[in-house]
Amino acid sequence: MGKLTKNQKLALEKIEAGKIYTLKEAADKLKEITFTKFDASFDIDVRLGVDPRKANQMVRGVVSLPYGTGKQVRVLVLCSSDAEAAAKEAGADYVGLDEYIEKIKGGWTDIDVIITQPAIMGKIGALGRILGPRGLMPNPKSGTVTPDVAKAVKEVKQGKIDFKVDKNGIVHASIGKISFSAEQMAENAQEFINTLIKLKPATAKGTYLKSIYLSSTMSRGLKIDTKSLEQ
């Protein structure tokens, strides 16, 4: 193990071993122990009591965070010409179709979200090998394949994110910035957890929220009291 820095030592001194936090307590503590010179991300990791190998226990969804993510999200809209003006007005960074499909085929993926229309998906299917591994493939379940592309753009820009459980049964997401107030951080986390609870599969048995940790970029994870969160 490498030598701890001065800030890492300070952070460790502020963390009580074995303590379980409320969302607000954890948010307050993270602001105390984060010493990055940049505006660190505020992250959540939730281990669920599901078996992702079973289709009826796959947890996937979207959530609109009350205070957004604090991140500038670059949105590409692939749409028909009659929807371009509305997409641009809604705040899309890039709008078009064939020219952007060709750019992506050439390796361009300098974007965070792609939104498209159902009728356009046939053209985008060939991009799956490029977009899939980067998590950029539009999907109806995440609201990125929709007839109303302008509405989807507004929601993404305002803090809507999509998530899904990984093969280990863990959901990870960045849900804000350390520069947010502790109250804003806690409310974003609560909204994310509420959404997970609503998505609990009927076939999931036993404890659903097995563990929750909040952290910031490069900080230790703080364990959250799940008993007060799961109804």
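Q: What do the buried residues of α4 pack against?
A: The buried residues of α4 pack against β3 (75-78), β4 (94-96), β5, α5 (121-124) and α6 (128-131), where contact means heavy atoms within 4.5 Å. Helices (H or I, at least four residues) and strands (E, at least two) are DSSP runs, numbered from the N terminus. This is a predicted model, in which local features need pLDDT of at least 70 and side-chain atom pairs count only at pLDDT 80 or more, while totals for chains, interfaces and linings use all residues. Residues are numbered from 1 along each chain as its sequence is written, and side-chain values use heavy atoms, with hydrogens and water left out.

Q: Which residues of α4 are the buried ones?
A: The buried residues of α4 are Y100, I101 and I104, buried meaning under 20% relative accessible area (exposed is over 50%, partly exposed in between, with a 1.4 Å probe and protein chains only). They cover an arc of only 105° around the axis, which puts them on the same side of α4; the arc is that of the directions from the helix axis to the C-beta atoms.

Q: And why would residues three or four places apart point the same way?
A: An α-helix has 3.6 residues a turn, so residues at that spacing point the same way.

Q: OK, what follows α4?
A: α4 is followed by G107, whose phi is positive, near 110°. T109 is then found in the loop between α4 (98-105) and β5 (113-116).

Q: What does T109 touch?
A: Leaving aside residues up to four places away in sequence, T109 touches I130, R134 and L136. With R134, the side chain of T109 makes a polar contact, side chain to side chain, at 3.5 Å; a polar contact is a pair of N or O atoms within 3.5 Å, and within protein one must be able to donate a hydrogen and the other to accept it, while residues adjacent in sequence count only if both atoms are side-chain atoms. The C-alpha atoms of T109 and L136 are separated by 8.5 Å, although these residues are 27 residues apart along the chain.

Q: Switching to T34, is that residue buried or exposed?
A: T34 is buried, with a relative accessible area of 14%, and its place is in the loop between α2 (23-33) and β1 (41-48).

Q: What does the side chain of T34 reach?
A: The side chain of T34 reaches the backbone oxygen of L30 at 2.7 Å, and it also makes a polar contact with the side chain of S216 (2.6 Å). Not counting residues up to four places away in sequence, T34 touches A40, I178, S216 and S219.
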